[in-house]
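Keep the sequence and the 3D view side by side. The paragraphs below walk through selected parts of the fold.

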Amino acid sequence: MELPDKETCYRALQSRDPRFDGLMYVGVKSTGIYCRPFCPARTAKYENCTFYPSAAAAHEAGYRPCLRCRPETAPELASWRGTSNTVSRALALIADGALDGEGKTVEALAERLGVGERHLRRLFLQHLGASPISVAQTQRVLFAKHLLHETRMPMTEVALAAGFNSLRRFNELFQTLFHRPPSALRRRSSTSRPTSEAGITLRLRYRPPYDWESMLSFLKARAIPGVEVVENACYRRTVEIDGSRGSIAVTHLLKRQSLSVSIQFPAVQSLPAIVARVRRLFDLGADIETIDAHLSHDPQLAPWVALHPGMRAPGGWDGFELAVRAILGQQISVVAARKLAGQLVALHGKPLPKSPSTHPGLTHTFPTAKRIATAKSLGLGMPAARLASLKALAHAAADDSNLFRPLGTIEEVIAKLRTIPGIGDWTAQYIALRAIREMDAFPASDIGLLRGAAKLDGVPATPKSLLHRAESWRPWRAYAAQHLWAANTNEILHIKETHA
C-alpha cells in the first residue's frame with residue numbers, strides 16, 4: 001500500500017477518521033510513540049508527525065506503541081493483497097511462526113516463497129515499510145501487549161505465547177520500549193478476567209461492515225457433528241495443534257466492530273496460531289470497503305454488493321480438513337457431505353478431554369492427515385474412487401507440510417493440487433479459495449456461479465465466458481464468487497454444487 005501524501009494523512013489524523021484505521025499509523029517525534037489515526041490523545045503538531053503504512057514500520061523507526069489507542073487491537077488489513085502476492089504469502093507464514101525460533105531465517109522464508117532474500121526484503125520495504133524480521137518482532141510485541149491488557153495469564157505464559165525464548169528477553173524488551181516492566185501495562189480492571197487455565201478471551205477487530213449473519217449461516221450449514229456447533233449466534237469448534245486439544249468459541253461484538261474469541265487450550269505457545277486461524281476463518285483481514293467499491297464498478301454486480309455489504313469469503317480452519325470436506329462433498333448435497341464428515345470424525349477423530357466448560361456438542365477433533373493415511377479402512381459408505389482420493393490426499397498432506405500454505409503463484413498452487421488423484425480444477429480452485437486464501441481463486445465451472453452469472457447478465461454463461469467476465473473483478477474474484485452464489489440463491493452459498 002502507498003500512503004497518501006502527508007497533508008492528506010494529517011487531515012485524517014485531525015478528523016480522527018476511522019476509515020484509515022489499520023491502514024496507517026502516526027509516529028510522534030516529541031513523544032516517541034506511534035498511534036492509530038483516531039487516538040483520543042491531543043493531535044500532535046504537523047511537523048512532529050511521520051506516517052507509516054504498518055505498525056512494523058513505526059516500530060522499526062524507533063517508536064513504541066501507544067497505551068491509549070492500543071495499536072495491537074487495530075484491524076489487520078490485507079491492504080497489500082493484489083499489490084504483492086509474495087508479501088501476502090510471507091505475512092501468512094510469519095503469522096504461523098515462520099520467523100520464530102532457531103533456524104527460522106528470512107533466507108529460509110524466501111526459499112519457501114520461491115524468491116531471493118534480497119527481493120523479499122525489497123518487497124517488504126516497498127509495501128510495509130519494514131523488514132520481515134521487524135514485522136515478526138512487532139507481531140510478538142503487540143500480541144504480548146494484547147495478552148497483558150486482556151488476560152490474567154502469568155508473565156511466563158505471556159512471554160511463551162508471544163514467541164519469546166526467555167522471560168528475561170521479554171522483560172528487557174518491554175523495559176526498553178515502555179520504560180516499565182510488562183506487569184505495569186496490565187489494567188486494574190483485568191483482575192476479574194479468567195486465568196489461562198480456565199481459558200482466555202480476546203477481542204479481534206475487523207474493518208466494518210461485516211455481514212455476520214451470512215458468515216454464521218454458512219458455517220452452520222456445514223458444521224461437522226462433534227467438531228463444530230453453531231447456536232445462539234455463537235460458533236464453537238474443537239482444536240488440535242501438535243497433539244494438544246482444546247476448543248474455541250466466537251461471537252460478534254457489533255458495537256465494538258470486533259469478534260470475541262474465547263480459547264481453551266493447554267499449550268500457550270499455540271495461541272498465536274489459533275488467533276491466526278480465527279482471523280483466516282472469519283476473513284478479518286479484508287479491506288472490505290475497498291473490495292466492495294472495486295466490485296461495484298461492475299454495473300450488473302453492484303446491486304448485489306449493495307444488498308450484502310460486508311460479505312466476506314469464509315476461510316477454512318485447517319487446509320487438510322477443508323480439502324477432505326471438498327472431496328467428501330463431490331456430487332452430493334451439503335447435508336450429505338456434513339453427515340459423511342461426522343462419520344469420519346467419529347471413526348478417526350480423537351476424543352476431546354472432558355471439561356465442565358466445554359459445550360457437550362464438542363466431542364472430537366478432526367482427524368489429522370497422518371491418521372487418515374495410516375488407517376487400514378476409512379469405514380465410509382462412498383464410491384471407491386473418492387475413498388482413494390481421500391487416501392491420496394492424506395498421504396500428500398502428511399508428506400508435504402506446505403501443501404496448503406500460500407506458496408508460489410495461484411497457477412502453481414492449482415497445478416500442485418491437481419496432481420493429487422481425484423482433485424480436478426473445481427476442487428483445486430475451491431481449496432485455494434478457502435484453505436490457502438487465494439482471494440483471486442475462482443471455480444468458474446461451479447453450477448451455482450454459472451447460474452448466478454446468468455441472473456446477473458440475463459444470458460446463459462459458460463465456464464469460458466464467466467472466466468472472461470471475471471477479469472474485471474481481479475484481484476478479488478473470490479468475493480465476486482460469494483455475490484454470484486448469493487445472486488443464484490438469495491442466500492449465501494446454500495447450494496448443492498458448493499460442496500465443502
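Helices (H or I, at least four residues) and strands (E, at least two) are DSSP runs, numbered from the N terminus. The model is predicted: local features need pLDDT of at least 70, side-chain atom pairs count only at pLDDT 80 or more, and totals for chains, interfaces and linings use all residues. Residues are numbered from 1 along each chain as its sequence is written, and side-chain values use heavy atoms, with hydrogens and water left out.

Start with the sheet. Two strands pair if DSSP finds at least two bridges between them. Strands of a sheet pair through backbone hydrogen bonds, either parallel or antiparallel. Here four strands make an open sheet in the order β3-β1-β2-β4, and the pairing is mixed. β3 (49-52) and β4 stand at the edges with a single partner strand each, so one side of each has no neighbour in the sheet. Four bridges link β1 and β3 in the antiparallel sense.

Rolling a probe the size of a water molecule over the atoms shows where empty space is left. The search uses a 1 Å grid over the protein atoms alone. A pocket is an open set of points with protein on both sides within 12 Å along at least five of seven lines; a cavity is a set where a 1.4 Å probe fits but cannot get out. Lining residues have an atom within 4 Å of a point. Grid points are joined across faces, edges and corners, and a volume is the space filled by probe spheres set on the points.

The second largest pocket holds about 360 Å³ of space. Its lining has 20 residues, and Val28, Thr31, Ala41, Arg42 and Ala44 lie nearest its centre. β1 (25-28) and β2 (33-35) are the elements that give two or more residues to this lining. By class, the lining of the second largest pocket has eleven nonpolar, four polar and five charged residues. In this scheme Ala, Val, Leu, Ile, Met, Phe, Trp, Tyr, Cys and Pro count as nonpolar, Asp, Glu, Lys and Arg as charged, and the others, Gly among them, as polar.

Which cavities does the search find? Over the whole structure there are three of 30 Å³ or more. The largest cavity has a volume of about 80 Å³. It is lined by 15 residues, and Glu228, Leu281, Glu321, Arg325 and Arg434 are the closest to its centre. α9, β7 and α13 (319-328) each give two or more residues to the lining of the largest cavity. The largest share, three residues, comes from α13. The lining of the largest cavity divides into six nonpolar, two polar and seven charged residues.

β7 also takes part in a hairpin. Strands β6 (residues 228-231) and β7 (residues 234-241) run antiparallel and are joined by four bridges. Val229 has Arg236 in β7 as its bridge partner. Two residues lie between the strands of this hairpin. At 72% relative accessibility, Asn232 is exposed. Buried means under 20% relative accessible area, exposed over 50%, and partly exposed in between (1.4 Å probe, protein chains only).

Arg70 also has a positive phi, about 50°, without being a glycine. It is found in the loop between β4 (64-65) and α3 (85-95). Is Arg70 buried or exposed? At 4% relative accessibility, Arg70 counts as buried.

Turn next to helix α8 (residues 167-178). Its twelve residues reach 16 Å from first C-alpha to last, close to the 16 Å expected at 1.5 Å a residue. The expected span is 1.5 Å times one less than the number of residues. Phe170, Leu173, Phe174, Leu177 and Phe178 are buried in α8. They lie on the same side of α8 because they cover an arc of only 100° around the axis. That arc is taken from the directions from the helix axis to the C-beta atoms. On the other side of α8, Arg168 and Thr176 are exposed.

Finish with the cis peptide bonds. One joins Pro208 and Pro209, with omega about 0°. Pro209 is found in the loop between β5 (200-205) and α9 (212-221). The bond from Arg474 to Pro475 is cis, with omega near 10°. Pro475 has its place in the loop between α20 (463-469) and α21 (477-489).
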